[in-house]
Amino acid sequence: MSDPARIDLHTHSTASDGTLTPPELVRAAADAGLDVVALTDHDTTAGWVPAVAALPPGLTLIRGAEISCRWFGVEPAIPLHLLAYLFDPAEPELAAELARVRQAREERGERIVRLLQADGIQVSWTEILAGADGGTVGRPHIAQALIRAGLVATTSEAFGPDWLGERYRLPKDDIEVFRAVALVRAAGGVPVFAHPRASRRGRIVPDELIADLAVAGLAGLEADHEDHDAAEREHVRRLAAELGLLVTGSSDFHGTHKTVRLGAHTTGPEAYERIVALARGVTPVASS
């Protein structure tokens, strides 16, 4: 683990809203020169087994998920994402909550499609579900339908204010963030706050909340991320140092849904080793 530029702890496959299947993702990670990759699909562990089965030689897989959370300390509540690493997927309470959120995602997606259709926009919920291919349905799947219909050119444009970013954006039923941290810890996992200062995504939570989450069991903050500018990254690093939290960096790779490449941002070996040491759920899977 001598090269810190080879650990990417945030990626997505077709089990949620990425464009590579789990086997394709781990092969692409190896081809990108990574030593360690974390599979962190939204609210699901469905990609774990196929990713392990296809793991190329020399690559270590960290099994995880990106959990949809919400902080209710302000009105309206602020959505945020928690990266959960190496938790036990069979822990009943966490598994039940993830299943509930996946169902909520699907229901929200169908409501968004009905809003689009009511405005005369020709998109098909049946086709969107088929495009998700059994994975967790997300707004990127609807974005692809808008692209196919010739209404937008890119996923980024589809996420703009005229489309899924504002006009046709609806909330979903996420997990209260303190409960999410507690559930991940109870399942033996390691919770890390994903892109906590990404103001370009919308509202961000105050540092005071992150301090309270640290007391409640939050282990780390994702600093190096495509949606953080230099000042935001520095802010996250300074806050993590004050709170004794580990710091990660990662690509948040989604395949062709985003332009960012695997390994574009990476995690240092010390933070990686802390995550592995803290975990009590499942272990990293190393391919010989």
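Modeller: The account below begins with S251 and its loop, and then turns to other loop residues and to two helix pairs. The model is a predicted one.

S251 lies in the loop that runs between β8 (246-249) and α10 (269-278). Its relative accessibility is 1%, and because buried means under 20%, S251 counts as buried. The side chain of S251 makes a polar contact with the side chain of D8, at 2.6 Å. A polar atom of the S251 side chain also lies 3.2 Å from the backbone nitrogen of F253. When neighbours within four places in sequence are set aside, the residues in contact with S251 are D8, H10, T11, V260, R261, L262, G263, A264 and H265.

D252 counts as buried, at 2% relative accessibility.

The loop between β1 (7-11) and α1 (22-31) holds T19. At 27% relative accessibility, T19 counts as partly exposed. Although T19 and G255 are 236 residues apart along the chain, their C-alpha atoms are separated by 4.9 Å. Leaving out residues up to four places away in sequence, T19 touches T14, E24, H254, G255, T256 and H257. One of these, T256, has its backbone nitrogen 2.8 Å from a polar atom of the T19 side chain.

Two further loop positions concern the backbone. E75 and P76 are joined by a cis peptide bond, with omega about -5°. P76 is found in the loop between β3 (60-71) and β4 (78-85). L86, in turn, has its place in the loop between β4 and α3. The phi of L86 is positive, near 60°, in a residue other than glycine. L86 is buried, with a relative accessible area of 0%.

The helix pairs remain. The axes of α3 (residues 92-118) and α4 (residues 125-132) come within 10 Å and cross at roughly 140°. The two helices are therefore oblique to each other, and the crossing of α3 and α4 is right-handed. On the α3 side the contact is made by E106, G109, E110, V113 and Q117, and on the α4 side by W125, I128 and L129. By class, this contact of α3 with α4 has four nonpolar, two polar and two charged residues.

Helix α4 also meets α5 (residues 139-148), and the axes of these two come within 9 Å and cross at roughly 120°. That angle makes α4 oblique to α5. The crossing in which α4 passes α5 is right-handed. Here E127, I128, G131 and A132 in α4 meet H141, I142, A145 and R148 in α5. By class, the contact of α4 with α5 has four nonpolar, two polar and two charged residues. I128 of α4 takes part in the contact with α3 and also in the contact with α5.

Note on methods
Residues numbered from 1 in each chain as written. Predicted model: local features only at pLDDT ≥ 70, side-chain atom pairs only at ≥ 80, totals over all residues. Heavy atoms only, no water. Helix = DSSP H or I, 4+ residues; strand = E, 2+ residues; numbered from the N terminus. Buried < 20%, exposed > 50% of the residue type's maximum accessible area, 1.4 Å probe, protein only. Polar contact = N/O pair within 3.5 Å; in protein donor to acceptor, adjacent residues only side chain to side chain. Contact = heavy atoms within 4.5 Å. Axes fitted to C-alpha atoms, helices over the stretch in contact; angles between N-to-C directions. Parallel < 35°, antiparallel > 145°, perpendicular 65-115°, else oblique. Left-handed = near helix turned anticlockwise from the far one by under 90°. Nonpolar A, V, L, I, M, F, W, Y, C, P; charged D, E, K, R; others polar.
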